[in-house]
Each structure stands twice: as C-alpha cells, then as structure tokens.
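Subject: Structure handover

Hi,

Here is the structure I promised to pass on to you. Could you have a look at it alongside my notes?

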Amino acid sequence: MKPAIILVSETRCDELLDEFGRYARDYELPTATSAHEAKLAAKRVVAEGGQVAMFVTESRLPDADVHEAFHWWRQTVPTARRVIAAHVSTFREDAERLRGGMAKGKYDAYLLAPRGARDEEFHTAICELLSDWGSTVAEPEVVAVALVSPVEDALTLSIRDYLDRMGLPNRLYAPESEKGRHVLALVAAESGEAEFPLFMDLNQRVGSARSVRDVASAIYGRPADVDVDRVVDVAIVGAGPAGLAAAVYASSEGLSTVVLEAEAVGGQAGTSSMIRNYLGFPRGISGMRLAQRARNQAIRFGTQFFSGWPVTSLVPGEVDAEGVLAPHRLRTEGGDLLARAVVVSAGVKYRRLDAPGIERLVGLGVHYGSAMTAAREMEGADVVVVGGGNSAGQAAIHLARFARTVTILVRRASLAETMSSYLVGEIAYNPRISVLACSEVVEGGPGEDGRLGWVTVRNTADGTQERRECRGLFLLIGAAPHCDWLPDEVVRDERGFVLTGRDVPQDRWRDGLPPESLETTVHGVFAAGDIRAGSMKRVASASGEGASVVPLVHAWLDPSH
C-alpha cells in the first residue's frame with residue numbers, strides 16, 4: 001500500500017491535486033475540505049495498514065485555526081510531515097501570524113503555493129521533507145544492505161545504526177524469509193559456515209558480521225588498501241564536520257587526501273535527527289544528510305574514505321641528517337598510512353553513565369547518542385533522554401514522533417542555560433515531551449524480555465528516588481575528547497583537549513613564536529573541531545575550522561616553508 005499525502009483545502013482541492021499529480025505513482029493523494037475531514041482521512045489510512053507521509057494544507061481552514069489542525073493531525077499521525085501551502089492571496093497576510101509556529105515545531109514548512117507549471121522551488125521543499133520522512137520513518141523500498149538474524153540484538157542494532165548514518169537503506173530479515181534463505185545459501189556456497197548476523201550488499205557480497213567493522217570493511221575497504229609506499233599530502237583523522245570540511249577543501253585544491261573515521265561518517269553531528277540552525281538550510285537538515293553530502297563532495301574531488309577504522313597511534317616523523325622531516329605514520333588495525341601532514345579532527349565521545357545495570361544494557365534499550373535506528377523501535381514506549389544540550393533536544397523531538405512519552409532529565413534547574421532557545425520552545429510545545437529538572441539516572445534494569453525495562457531517577461535537590469518504566473534510555477551527557485591515541489609530543493590541556501596556537505605553553509613555542517592558530521606542538525600536525533581546546537562545539541564552527549586549517553596545511557607543505 002502506497003503512503004499517503006493528504007491535501008487539505010476548503011475550495012482548492014482540485015488545484016492541489018493537480019499540482020501534486022507528479023507524486024501519484026508513489027503516493028496516494030486523498031483530499032479533504034476541512035481539518036476534521038483530514039483527520040478522518042488519516043485515521044482511515046492508518047486503519048487500513050497504510051502510512052501518512054505528509055499533510056499539505058492551505059493557511060486557512062473552515063473549522064479550525066491551522067495550528068489547531070496540525071495539533072489534531074499530529075495526535076493522529078505523529079510521524080507525518082506538516083506543510084502549509086498558502087495561496088498567493090493570503091501568503092503575506094498570514095505569514096507573520098503563522099511562521100512563529102514553525103519555530104516551535106508545530107509544522108515543518110511555510111510555502112507559497114505554486115502559481116504555474118514547474119515550480120521546482122516548491123517541489124524541492126516537498127521532496128526534501130518526503131526524503132526525510134522516508135529515511136527516518138518508512139521501511140526502505142530499495143535495500144542497499146540486507147541483514148539476516150533471528151533476533152535484533154545489540155550487534156545487529158549497532159550495524160543498522162552505522163548503515164543508517166552512512167545513508168545506506170537497510171532492512172533486517174528473518175532466516176526463514178525468502179531473502180533470509182537466499183543470503184544463507186550464498187554464505188553457505190562461499191564459506192560453508194553462517195554465523196548471525198549475516199549481511200548482503202547490492203553487489204551480492206555476503207558475509208558474517210562479528211562487528212560493525214566487518215560490514216564497513218566489506219563495503220568501503222580498509223586502510224591497507226592504501227599503498228604505504230605512497231605518501232599522501234594530508235591524512236584527516238575523524239569525519240565529523242571539521243574533518244569533512246578539511247577533506248573537501250584540501251582535495252579540491254589538489255592535495256592527495258585520505259580520511260580515517262573510527263565509526264560512521266558525520267561523527268556526533270551525524271546522529272542529529274534535524275539541525276535547524278545550520279546556515280543555508282531554512283527547513284533544517286539531518287546530520288546524516290549533511291555528512292553524506294559533504295562526503296560525496298569530497299569523493300568527487302578525490303578524497304579516499306575509510307570508515308570503521310580507529311587510528312591506534314600516531315608516530316611523528318623524525319628529522320633526518322639533512323634536516324628533512326619524514327612523513328608521519330598513522331597506525332590502524334587494518335594497516336598503516338604515511339602522510340606529510342595530519343589533521344586531527346577525531347571529535348569527542350559522549351561520557352559513559354556510571355550507574356548500576358546500565359552498561360550491560362547498551363544496545364538493548366540503552367544508547368549513547370540519539371541512535372536513529374533505535375528511535376523507530378520506541379513506538380508506543382516511554383523513553384528517557386539524559387542531557388541538556390542541543391543534541392539531547394534534537395533527539396527528544398525526533399523520539400517524540402514514535403514514543404508515547406519522552407522525558408528529558410537534566411541536572412540543572414532548566415534547559416535554558418544549555419540549549420538553543422528554538423529547541424526549548426519546540427520542546428515546550430510538544431505534548432509528548434516533559435522536562436524533569438534537577439534529576440539524574442542512578443540505576444537501570446531489564447524487563448522480562450532482557451531489554452531495558454526500568455530506571456531509577458534521583459532528585460538531586462532532595463535526594464528522593466523514583467523507579468519508572470522505561471524502554472529506551474538515550475544518553476547525551478557531555479563530551480570527552482577522543483585522543484588517547486595521540487603521542488605525548490602533542491600537548492593537551494588538563495581535560496585532554498588538544499592545544500593549538502597561542503594556547504600552547506610558551507615553553508613549547510618555536511624560536512619564541514607560537515604555532516599557527518590550528519597547529520599543534522608537533523610539526524605538520526594540526527587540530528580542528530571539537531577535539532581542539534577552546535573550540536565552540538558547534539557544527540558550523542567545526543566546519544569553519546576544517547576549512548580554515550587547509551591554508552595552514554598548504555603553507556606547511558610548501559617546499560619554501
């Protein structure tokens with residue numbers, strides 16, 4: 001059954017239906033002349049086993065204010081995208097009254113309804129929203145990677161989360177299904193043994209996955225695929241916003257560039273369900289889409305990416321008898337890489353929660369980060385998000401599309417001190433989300449199925465404790481630098497963040513001069529993004545640092561340097 005786009009207008013349903021005719025092959029297009037009629041249409045689609053992908057309405061309805069209508073529809077289908085397509089006669093007049101609702105998350109886009117053929121600006125917005133819905137809600141129609149397992153355990157969920165963050169549509173199949181039997185037969189013919197989970201990509205490559213890295217290596221290769229006798233100009237460690245920006249600018253300017261990423265491209269930012277305050281994306285963009293667009297852009301210019309391979313050590317190049325600095329050596333379990341310059345943009349990792357019972361349930365209801373894949377599994381459940389930053393707010397809003405209730409726990413008295421105001425407003429409006437201030441999780445345990453079933457919450461003000469049902473615990477509790485692999489020659493601050501430029505202690509300056517602004521205490525090694533001491537810890541600022549480091553790399557590589 002095709003998903004539905006419900007078109008709502010008191011007098012112009014025929015015009016909307018004609019305009020949305022281009023979507024008729026892939027979507028049902030029911031129409032409604034009122035908010036109440038649209039709600040009934042949505043209920044009918046759901047009752048018949050279908051999905052509502054989007055509501056498209058005029059800015060004025062006969063039986064309800066449009067904000068009230070969106071509230072009704074959201075209660076009926078919380079995952080559907082909501083769009084106002086205002087007629088030209090009311091567009092300017094209604095804009096001031098209605099656009100504030102978009103900032104609070106009441107709907108997703110305020111558009112001028114097309115006034116003629118081929119209004120591609122309008123349809124670009126519609127397609128972006130449908131694409132976002134398709135990647136976060138609907139099961140994929142075309143599966144890039146098929147997984148086969150009798151259960152969705154912690155490993156399987158980790159693999160699916162990796163694939164989602166890499167922009168690869170995937171689906172889990174039971175071994176007895178038609179697809180499952182096909183994959184089992186291919187594995188048996190190739191290796192003779194099948195250890196779940198199994199995977200198969202679009203090229204019919206199959207294997208048993210004992211780790212996320214097994215899948216990453218099969219699809220994207222491993223660092224050993226780089227000839228170590230060939231020294232690259234720049235190696236970038238970490239493919240978050242800083243590393244991706246550095247890759248785009250370095251490779252576009254002719255530098256041979258390799259990126260090594262321990263997990264999935266995008267880093268922490270890649271797990272964000274929707275970044276609404278990134279310049280140039282007025283309707284917002286998911287962290288995954290932003291990361292994959294940047295990755296594709298860098299690949300176009302020649303960058304090589306290896307994901308799933310953490311760097312285990314950096315061996316700085318030594319100066320030979322003629323005063324020439326040898327290349328730096330980056331070591332991974334999949335092979336070594338030699339580079340004349342290194343950009344450290346490995347970012348940060350969420351701190352672990354030291355509470356009894358939590359760690360053994362990681363992947364079984366407990367997740368560090370927003371875990372986009374796990375969100376779909378939370379339908380009808382009560383979930384808890386721990387953290388007060390923007391990532392926690394974005395995760396809560398996304399989870400509210402699926403979960404029955406979402407509770408944000410913060411140690412502070414409110415979210416206002418640590419979260420952007422647009423997110424605070426959106427959370428306050430959402431009836432499924434509540435905020436529990438001055439609170440922390442102190443214990444967790446399994447339910448009857450062995451997955452997370454409950455958590456104990458302590459009030460930090462009076463010490464009282466309460467056990468509450470909880471099927472999903474999402475932990476976004478501050479960041480710790482990910483740079484244990486760096487040698488002692490790279491100086492860090494007391495918290496472990498890399499020092500650069502004038503932040504470097506004066507006794508480590510060279511000839512009385514500090515390193516360049518993004519340069520570390522090791523010649524030819526630079527740092528950008530969240531791992532750098534004093535960075536802003538924002539997607540935009542990390543991207544800016546990644547771009548800014550490339551001229552410094554150029555200057556370093558210049559033979560006259």
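Below are my notes on a sheet, the helices on it and a helix pair.

First, the ground rules. This is a predicted model, in which local features need pLDDT of at least 70 and side-chain atom pairs count only at pLDDT 80 or more, while totals for chains, interfaces and linings use all residues. Residues are numbered from 1 along each chain as its sequence is written, and side-chain values use heavy atoms, with hydrogens and water left out.

The sheet

Helices (H or I, at least four residues) and strands (E, at least two) are DSSP runs numbered from the N terminus, and two strands pair if DSSP finds at least two bridges between them. Four strands make up an open sheet of mixed pairing, in the order S7-S6-S8-S9. Its edges are S7 (170–173) and S9 (206–208), each pairing on one side only. From one strand to the next, the twist averages 20 degrees.

S6 (residues 145–148) pairs with S7 in the parallel sense over four bridges, and Val145 stands opposite Asn170 in S7. S6 and S8 run antiparallel, joined by four bridges; here Ala146 stands opposite Met200 in S8. S8 and S9 are also antiparallel, with three bridges, and Met200 stands opposite Val206 in S9. These two strands form a hairpin with four residues between them, where Gln204 in the turn has a positive phi of about 65 degrees.

In a regular strand, side chains alternate between the two faces of the sheet. S8 is covered on both faces: Leu198 and Met200 on one side, and Phe199 and Asp201 on the other, are all buried (under 20% relative accessible area, 1.4 Å probe, protein chains only).

Contact here means heavy atoms within 4.5 Å; axes are lines fitted to C-alpha atoms, for helices over the stretch in contact, and angles run from 0 to 180 degrees between N-to-C directions. Helix H7 (residues 178–190) packs on the sheet, touching S6, S7, S8 (198–201) and S9, and its direction makes about 95 degrees with that of S8.

Elsewhere in my notes, H2 (residues 35–47) and H3 (residues 66–76) pack at about 10 degrees, with their axes 10 Å apart. H2 and H3 are therefore roughly parallel to each other (angles under 35 degrees). Ala35, His36, Ala38, Lys39, Ala42 and Lys43 in H2 meet Ala69, Trp72, Trp73 and Thr76 in H3.

Best wishes

Terms used
Buried < 20%, exposed > 50% of the residue type's maximum accessible area, 1.4 Å probe, protein only. Parallel < 35°, antiparallel > 145°, perpendicular 65-115°, else oblique.
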